[in-house]
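Hi,

Here is the model I promised to pass on. Have a look at it first, and my notes follow below.

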Amino acid sequence: MSARWSKEESVLLDLLCAAMGKENKNEHKDVNKIERNIDCDWEKLLHLAQSHAVTAMLYDVLEEQTGTAACIWERVQKSAQITVLSNYRLLFLTAYLTDYLGKYGIAAVTLKGAATAVLYPVPEYRKSGDVDLLIPQEPEYKRALRLLQQVGFLADEEQLALHHTDLRNAEGISIELHHTLAEPFENQKVNEYLKNILPEYGNHIAENTAWGVRLLQPADAYHAFYLVVHMLQHFLREGFGLKNLCDWTLFWNREVAVTEKEQFMKLIEQSKTEQFVRILTAACVRYLGLQEEKVSFLMKERAAKERITKERETETIKASAWDELIEDFMQDVLQAGEFGRSQTDRMVAMRATGFLAYVKEFHHQMHLNFPKAGRVIVFWPLLWIVTLVRFLYNNHRFERASVRSILKKTAQRSELMERMRLFWQ
């Protein structure tokens, strides 16, 4: 680890490697050695783990007799218990919704949640906060929405997303009914691709009975692709945390059919997300125990290095610059916490720096806020003003950092984005 990494960050990564059944290649190989050799602030480490929603994963690798403070151990234990109980509530709700909609001929595809948790050594320890279901066909989506409302699921009065509808049951559990994979990106070609590929999800469904109930999930190639799109969406906004990288590590540390790998490569090449995949995969190999041989088909190192340099294609970037990029990417993940909630000055990351980049991002946010009215050019001046007022209001309402701090953080993350050269293929 470089001097920029805190001891708590380093230890947490090693603990997560142990929890996932793999040794990290860093200095500390096992929990006992970590505790003997590092003067770690366990209070800070627990706070870091909580911010990334991975505390429950530490339960089986931390034992009371290892020397962890009793109060820390009790909190880890309590977090694990709460996570397990919550996950079972979400699991049975997901199974109920799958069965209920299935009776009307609607295939409800589980995204993340219980479908991804089965990749974990202890599935119950992967924390989930809601139920995500994808209805690939638009007519079926509208019908599914009506059917759920008929049995008591209420749509939130304020719908903040464009790619799903937020509903809640009587217990207040959130259900996100997806009609697309992600919010619109600033890159219109990517948006068009994601729209066109959606029906394929309905043709590549696998049954998941690992929990003892019947769920539907995307086949491996499409499962992995959704994980990528989900991470990319959050990365371009506030960011995402370690739980998502644990998902990625465990997905590829298992055996995946060659045909699924080939299909996944087609998906990321066609969607121009290949560079992002290489960077996050390199980070997982380096810091979270992802086995390099399992992802060798993704790690075309030379091609990746060529893509992040502004020089001519024949001039490859120095290895040190590539290493620094992976470290900076991992630092962004560590600082973000779960979906960027650890820092109040995180809003978006732009693909470039400079005044024009801010203008383009602001215009993109206007379209996200007003997807229908934004199609009418003459409305743009008014919509820009309303978007600015809404931003300032929400910034005060949610007690975020000052506008100056937000702009400074945006500039820092945009510089990283520029070096990553996303969508540049």
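Before the rest, some housekeeping. This is a predicted model, so local features need pLDDT of at least 70 and side-chain atom pairs count only at pLDDT 80 or more, while totals for chains, interfaces and linings use all residues. Residues are numbered from 1 along each chain as its sequence is written, and side-chain values use heavy atoms, leaving out hydrogens and water.

Now the overall picture. The protein has 16 helices and seven strands (DSSP runs numbered from the N terminus: H or I of at least four residues for helices, E of at least two for strands). Of its 425 residues, 54% are buried. Take the contacts (heavy atoms within 4.5 Å) between residues at least 6 apart in sequence: 70% of them join residues at least 24 apart. The exposed surface comes to about 20,200 Å², with carbon and sulfur atoms supplying 52% of it (Shrake-Rupley method, 1.4 Å probe).

On to the inside. The largest nonpolar core has 90 residues, and Phe 225, Trp 248, Phe 264 and Phe 276 touch the most other members (such a core is a set of buried Ala, Val, Leu, Ile, Met, Phe, Trp, Tyr and Cys residues joined through side-chain atoms within 4.5 Å). Helix 8 (residues 220–235) gives the most to this core, namely eleven residues. If you click on Phe 276, you'll find that its contacts, leaving aside residues up to four places away in sequence, include Val 228, Met 231, Leu 232 and Phe 235, as well as Phe 329 and Met 420. Another core, of 20 residues, lies apart from it, with Ile 106, Val 131, Leu 147 and Ile 175 among its members.

Then the sheet: it is open, with five strands in the order 1-2-5-4-3 and mixed pairing (two strands pair if DSSP finds at least two bridges between them). Strand 1 (109–110) and strand 3 (154–155) are the edge strands, each pairing on one side only. Strand 2 (residues 131–134) and strand 5 (residues 174–178) run parallel and are joined by four bridges; Leu 134, for one, has His 178 in strand 5 as its bridge partner.

As for charges, I count 15 salt bridges (a side-chain nitrogen of Lys or Arg within 4 Å of a carboxyl oxygen of Asp or Glu). Asp 247 pairs with Arg 126, with the closest N and O atoms 2.9 Å apart. Asp 247 sits in helix 9 (residues 242–252) and Arg 126 in the loop between helix 5 (113–117) and strand 2, so this pair ties together parts that are 121 residues apart in sequence. Both Asp 247 and Arg 126 are buried.

Back to Arg 419: its salt-bridge partner is Asp 328, again with the closest N and O atoms 2.9 Å apart. Asp 328 is in helix 13 (residues 319–336) and Arg 419 in helix 16 (residues 403–420), so parts 91 residues apart in sequence are tied together. Asp 328, at 13% relative accessibility, counts as buried.

Finally, there are zero disulfides (a pair of cysteine sulfur atoms within 2.5 Å). The sulfur of Cys 246 is 7.9 Å from the closest cysteine sulfur, that of Cys 284, which is too far for a bond. Cys 246 is buried at 0% relative accessibility, and Cys 284 is buried at 0% too.

Cheers

Note on methods: Buried < 20%, exposed > 50% of the residue type's maximum accessible area, 1.4 Å probe, protein only.
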